[in-house]
Amino acid sequence: MRVFKFGGASVRDAESVRNAIQIIKNEGKGPLLIVVSAMGKTTNAMERVLIEVLKNRENARAIFKQVIDDHLEIVNELFEAESHIYNEIDMLSEQANEIIDTGNTGKPDYLYDQLVPFGELLSTKIFSEFLKHEGVNNQWFDARDIIKTDYQYKSANVDWKRTEIQVENTIAQFLKNSASPFAVTQGFIAGADALNPTTLGREGSDYSASIFAFALHAKNVTIWKDVPGVLNADPKHFKETTLLDHISYREAIELAYYGASVIHPKTIQPLQNKKIPLYVRSFKNFNEPGTLIDSSSNNDETVPSFIIRKDQRLVSISTRDFSFIVEDHLSDIFEEFARFRVKINMMQNSAINFSVSVDENSFQLNELIDELSKRYQILYNQGLELLTIRHFNDEIFKKLTSDRKILLEQKTRNTLRVLMR
Ligand SMILES: Nc1ncnc2c1ncn2[C@@H]1O[C@H](COP(=O)(O)OP(=O)(O)O)[C@@H](O)[C@H]1O
Ligand SMILES: N[C@@H](CC(=O)OP(=O)(O)O)C(=O)O
């Protein structure tokens, strides 16, 4: 049993959908679960719909209509006019419009999880139908009924026991018994119960693929990307990059955690727990082997890797009365970060000061700072970059930081991190 995951870029238009189907046909045999994200930038558009539902319903309807029109444009290129897919899209459109019309009473995060999943529902209906159209019979599954979570809307936590039971009773049974063992489902979306859908956090479809693989005891997982595999740096920031053809789970989880956005950071743990290999491969050059991630760490240290997080804010939190920053203060400060859900990318403390680097666009950052300002003196620097180098050497470090002003620096045996202007 294998799992494939196609992200937004790999299904962003009719040609990409055709290409993805070609990959499935090329790679051949089932049993195969195919996890698909929303097409292109649909999730961003659905987030705009949500913002407007809370402000101006007419605008919300107009933005959602554009989402539907964009999907219909793709459908028109893929299917004949009498295809059943048009009814499916009408049905989804009606359901979403009903939420748009009635749904601004709940809390925003709850409403988010009601509405934003329509991106994935639309893409998977189209994908599954076109796969059939191209001769690969398959079954569509609604991940909201299968991946079970708690009620933490927008970044729900998986309930592994319930999820394993649901996967076994649905997708696993189907894949074991079907003459054409191909299943299609959504990434990113899940459900707390039958009436309350949830989502796993932005870009969470890689994680979905790994949850399904865990529950299915899959032989391996392949995530198809617009890059040749995991590179030693993001090609959007670095001109010259090297493919990491084989790295360990440990190396992959570190790279993802520091911000190598090619893999969602939560993806690795479930796979590592069951020793399921993960392949990251190019959907453009789908005959290339890409990157293999498994238990072997033999090649981890051969190439230095670079990760840049832009738009960082360094927040310095000091006691007002010159008392030491000790455990009481730290636990108070961490509690506030957790309450406002602001993620710390780097931290350092001194006698009376605790400094953290956070993403400038963290959702409730200003609210957090207002709260902390009631008890501490807060200073900050904006417009910074956080550079992480795995397996660094002095020459590389000097080259990348020579003309920069460094505000914070941390070094461990394998990792060097600098926050700089
Ligand atoms: N170390 C890295 N290696 C490869 N790609 C990286 C790396 N770091 C960041 N990326 C970026 O990740 C992108 C692919 O991930 P993403 O856009 O999330 O895929 P999808 O949404 O299709 O699943 C690439 O286009 C690339 O710019
Ligand atoms: N569609 C969701 C989930 C996801 O993972 O998408 P992608 O695989 O395109 O990053 C998002 O954009 O956040």
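**Loops, core and sheet**

User: Where is Arg341 found?
Analyst: Arg341 sits in the loop between helix 11 (327-339) and strand 12 (344-349). Helices (H or I, at least four residues) and strands (E, at least two) are DSSP runs, numbered from the N terminus.

User: Where do the numbers and coordinates come from?
Analyst: This is a predicted model, where local features need pLDDT of at least 70, side-chain atom pairs count only at pLDDT 80 or more, and totals for chains, interfaces and linings use all residues. Residues are numbered from 1 along each chain as its sequence is written, and chains are lettered from A and ligands numbered from 1 in the order in which they are written.

User: What is phi of Arg341 near?
Analyst: Near 55°, a positive value in a residue other than glycine. Arg341 is partly exposed, with 13 other C-beta atoms within 10 Å. The rule: 20 or more other C-beta atoms within 10 Å of a residue's own means buried, 12 or fewer means exposed, and in between is partly exposed; C-beta atoms are placed from the backbone.

User: And Phe188, buried or exposed?
Analyst: Phe188 counts as buried, because 28 C-beta neighbours lie inside 10 Å. Its phi is also positive, near 75°. Phe188 is in the loop between strand 4 (182-186) and strand 5 (189-193).

User: Where is there a cis peptide bond?
Analyst: Between Gly30 and Pro31, with omega about -5°. Pro31 belongs to the loop between helix 1 (14-27) and strand 2.

User: Zoom out. How many helices and strands are in the chain?
Analyst: The chain has 13 helices and 16 strands. It is divided into domain 1 (2-225) and domain 2 (305-420). Those bounds come from an automatic or database domain assignment. The domain centres, taken over C-alpha atoms, are 36 Å apart.

User: What radius of gyration does the chain have?
Analyst: 23 Å. A compact globule of 421 residues would be near 22 Å, which agrees. The radius is taken over C-alpha atoms, and the globule rule is 2.2 Å times the number of residues to the power 0.38.

User: Which residues have the most contacts inside the largest nonpolar core?
Analyst: Val3, Leu33, Ile34, Phe212, Ala213 and Leu216, in a core of 107 residues. Helix 8 gives the largest share, eight residues. Both domain 1 (2-225) and domain 2 (305-420) contribute, so the core lies between them. A nonpolar core here is a set of buried Ala, Val, Leu, Ile, Met, Phe, Trp, Tyr and Cys residues joined through C-beta atoms within 7 Å.

User: How many residues of helix 8 are buried?
Analyst: 12 of its 12. They pack against strand 1 (2-6), strand 2 (32-36), helix 7 (160-177), strand 7 (220-225) and helix 10 (268-274). Contact means C-beta atoms, placed from the backbone, within 7 Å. His217 follows helix 8, with a positive phi near 50°.

User: In which sense do strand 8 and strand 10 pair?
Analyst: Parallel, over three bridges. His246 has Leu292 of strand 10 as its bridge partner.

Key: Two residues are in contact if their C-beta atoms, placed from the backbone, lie within 7 Å. Two strands pair if DSSP finds at least two bridges between them.
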